[in-house]
Amino acid sequence: MFFRKKQQLTPARIILIGFALLILTGAVLLTMPIATRDGQGAPFLDALFTATSATCVTGLVVQDTSMYWTVFGQAVIILLIQIGGMGVVTAAVTLSMLAGRRIGLKERWVMQESISAPQMGGIVRRTRFILAATFLMEGIGALLLAVRFVPEMGARGIWYGIFHSISSFCNAGFDLMGMEAGTPFVSLTGYAGDPLVTLTVAGLIALGGIGFITWGDVRTHKWHLRSYCLQTKLVLTVTALLILLPTLFFLFYEFRLPQWQSLTPGEKVLGALFQSVTPRTAGYNTVDLTLLSEPSQLIITMLMLIGASPGSTAGGFKVTTLAVFFLAAKAVFRRKESLQSFGRRLPMETLRSAAAIFLMYLVLFFLGGIAICCMEGVTLGAALFETASAIGTVGLTLGITPDLGAASQLILIFLMYFGRVGGLTLIYAVLPDSGAVPSQLPQERISVG
């Protein structure tokens, strides 16, 4: 009976269950006395929130990571980040490969769905590439960060380099700087003018957010840009624009405001670039976000909702979804029947999926923000900033997360989980397959716009 049910599990349900089990396991470990500095263990809700945030590579925290958790607790958190960033299915397939087990058709099918691969063929080879690329980039990042941290902290700087490199590449945004600064929740504000730390972390965030599918395509075709698949072209184009345009806005508007006059020109340039990269979707910050103007906070909220690329370590409704909407608008303006880009035509199914994903994110974003606003008595803008950070698996905050009540924390936990597993994955797992429709209903037009 059990094996029959196991065989009936769809990839979507396996992914959903895998993430849920990993979160619960992490939460149990974090409730152990050895996990907290007071030796009492964390309350279950705090442990569940932290485990969800780590597994879903978000970065929202209710306790400062360095001041509250021991090295054991920090190790549990970074392990959850690593597995959650690569994906629980990728981690499971990796263990099977290391054990010498044959990867069957079922596992390949689930792996394809997990990393949003275009086809099942070559999925094991793609998994090896994901592992190699992940550990190579994280290793280089750890070495670069250790160059700065070791002279400042001694041998502890090695752990700090490893922790922040994994957290950056997996777009998690957890930091250990509270103990060094003597103040909780400071993130990387102490390194606002440090090019080595700022550019290394920003680079890791961008590399992790571009996605393994894109990097595989780039590796295959090198500098032959015309040979890239359409998804790679769209991802690279939209990602570049979403970094460049906000950077220019922050540099020429935000950092010219009076509250930032103490920053040097170099700190303003680094700050503008970093605050453009981190909302998609890492959660680090090098300046005090509460001092940002309302237009800048709104832009960051929008960037958090967009997120990064499919098949990456990041969340959000993805840059490809945004690209599809712009292509749809372009098609309407030019009175074209189909969505076209780079000499290719997109199927209408892509637009339907993009619309469904966007609507789900938008509804949950607003409902969650309104609920938190009503229950906690905070401004709607602050509440929406937190829900965008949760559903986009970002981790940026205006400082209200640690003070939220249990109900609001549960809302953020659900939004983080939804944002990491993906809207369509959740829907496909919950709703039964309706099957093919043998006939079509009569067509009738309605007016829009």
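Within helix α17 (residues 348-376), E349 and R352 lie three residues apart, about one turn of the helix, helices here being DSSP runs of H or I of at least four residues, numbered from the N terminus. The side chains of these residues, E349 and R352, meet in a salt bridge at 2.7 Å, N to O, the term denoting a side-chain nitrogen of Lys or Arg within 4 Å of a carboxyl oxygen of Asp or Glu. R352 is exposed, at a relative accessible area of 53%, whereas E349 is partly exposed at 42%; buried means under 20% relative accessible area, exposed over 50%, and partly exposed in between, with a 1.4 Å probe and protein chains only. The model is a predicted one, in which local features need pLDDT of at least 70 and side-chain atom pairs count only at pLDDT 80 or more, while totals for chains, interfaces and linings use all residues. Residues are numbered from 1 along each chain as its sequence is written, and side-chain values use heavy atoms, with hydrogens and water left out.

The structure holds three salt bridges. D194 is buried, with a relative accessible area of 11%, whereas R148 is partly exposed at 26%. A salt bridge also joins R156 to E180, with the closest N and O atoms 2.6 Å apart; R156 belongs to helix α9 (residues 156-169) and E180 to helix α10, 24 residues apart. R156 is partly exposed at 41% relative accessibility, and E180 is partly exposed at 35%.

One cavity of 30 Å³ or more was counted, a cavity being a set of points, on a 1 Å grid over the protein atoms alone, where a 1.4 Å probe fits but cannot get out, with lining residues having an atom within 4 Å of a point. The largest cavity contains about 70 Å³ of space, the volume being that filled by probe spheres set on the grid points, which are joined across faces, edges and corners. Its lining includes I205, I243, V277 and R280, and α11 gives the most to this lining, with four residues.

On the surface, L241, L244, L245, L248 and F252 form a nonpolar patch with about 490 Å² of accessible area together; patch residues have over 30% relative accessible area and no salt bridge, and nonpolar side chains (Val, Leu, Ile, Met, Phe, Trp, Tyr) are joined within 5 Å, like charges within 9 Å. Accessible areas come from the Shrake-Rupley method with a 1.4 Å probe, and for residues only the protein chains shown count as cover. F252 is placed in helix α13 (residues 230-252) and counts as exposed at 55% relative accessibility.

Terms used
Helix = DSSP H or I, 4+ residues; strand = E, 2+ residues; numbered from the N terminus. 1 Å grid on protein atoms, 1.4 Å probe; cavity = no way out; pocket = protein on both sides within 12 Å on 5 of 7 lines; lining within 4 Å.
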